[in-house]
Amino acid sequence: MREHPFKLDARLNMAALMVRKGCIIADIGTDHGYLPVWLTRKGICPKAIAADINEMPLNKAKQTVIKYNAQDMVSLRLSDGIDKINPDEVDDIIIAGMGGDAITGIIARCNWLKDSQKHLILQPMTCAERLRKYLYENGYSICQEEIVIEHGKMYTIMLCIYSGKIVLPDIKMMYIGKSHDSNEYALEYLEKQYNRLISI
Ligand SMILES: C[S@@+](CC[C@H](N)C(=O)[O-])C[C@H]1O[C@@H](n2cnc3c(N)ncnc32)[C@H](O)[C@@H]1O
């Protein structure tokens with residue numbers, strides 16, 4: 001008997017909403033393994049790779065996989081960033097809960113991400129503006145960006161695809177990104193980023 005899938009928090013739920021149905025995902029820096037287990041158990045993804053650089057979080061992910069009986073769908077991988085993942089294994093790559101600079105470093109090391117068939121779902125905890133700058137300057141388009149609030153904290157989640165179009169971002173593109181287009185919390189995010197810029 002498989003246990004019922006649990007509820008994701010608003011931050012991870014938004015990342016999950018950006019995953020294409022039927023795609024295989026890699027969750028880089030998976031820690032607890034919630035996203036790969038949830039996405040496979042919900043039938044959104046047939047398979048997933050839960051990857052982490054450290055053994056301890058990977059063991060945590062293993063417990064989640066076992067608890068929700070997802071062993072046939074989720075594989076565990078010890079990997080620094082995307083280093084141990086092959087391009088033909090995955091479609092959508094999620095990197096959530098890390099600093100923007102760490103996410104930038106992981107993307108910069110992986111050349112095969114420069115493929116419009118691959119979708120990147122990124123959720124930086126810090127330095128989102130530097131991540132956006134890197135993306136724009138290196139041919140990635142930010143197609144969608146959403147702001148969510150969880151326990152009073154604001155998070156941004158972006159869906160990025162390689163287009164090859166190199167753009168030199170202005171300050172608005174770097175600090176606000178795409179979030180102003182759609183989201184109910186975007187005004188709050190705009191205000192927060194404005195106050196940060198004023199203080200700089
Ligand atoms: C704060 S947890 C985020 C967990 C989950 N992704 C989330 O958003 O809730 C960060 C995880 O990233 C892992 N990590 C840090 N640097 C990494 C790297 N270069 N490659 C893979 N995993 C990494 C850490 O071991 C840790 O488990």
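This is a predicted model: local features need pLDDT of at least 70, side-chain atom pairs count only at pLDDT 80 or more; totals for chains, interfaces and linings use all residues.
Local features need pLDDT of at least 70, side-chain atom pairs count only at pLDDT 80 or more, and totals for chains, interfaces and linings use all residues.

Show the strands: seven of them form an open, mixed sheet in the order 3-2-1-4-5-7-6. Strands (E, at least two residues) and helices (H or I, at least four) are DSSP runs numbered from the N terminus, and two strands pair if DSSP finds at least two bridges between them.

**A parallel pair.** Next, select 92–98 and 119–124. These are strands 4 and 5, which run parallel and are joined by six bridges.

**Two helices.** Select 55–67 to see helix 3, lying across strand 2 (48–52) and strand 3 and running at about 175° to strand 3. Then pick 186–199: helix 7 lies across strand 6 and strand 7 (153–162), at about 100° to strand 7. Contact means heavy atoms within 4.5 Å; axes are lines fitted to C-alpha atoms, for helices over the stretch in contact, and angles run from 0 to 180 degrees between N-to-C directions.

**Two loop stops.** Finish with D31, in the loop between strand 1 (25–28) and helix 2 (34–41). D31 is not a glycine, yet its phi is positive, about 55°. H151, in the loop between strand 6 and strand 7, also has a positive phi, near 50°.

Key: Residues are numbered from 1 along each chain as its sequence is written. Side-chain values use heavy atoms; hydrogens and water are left out.
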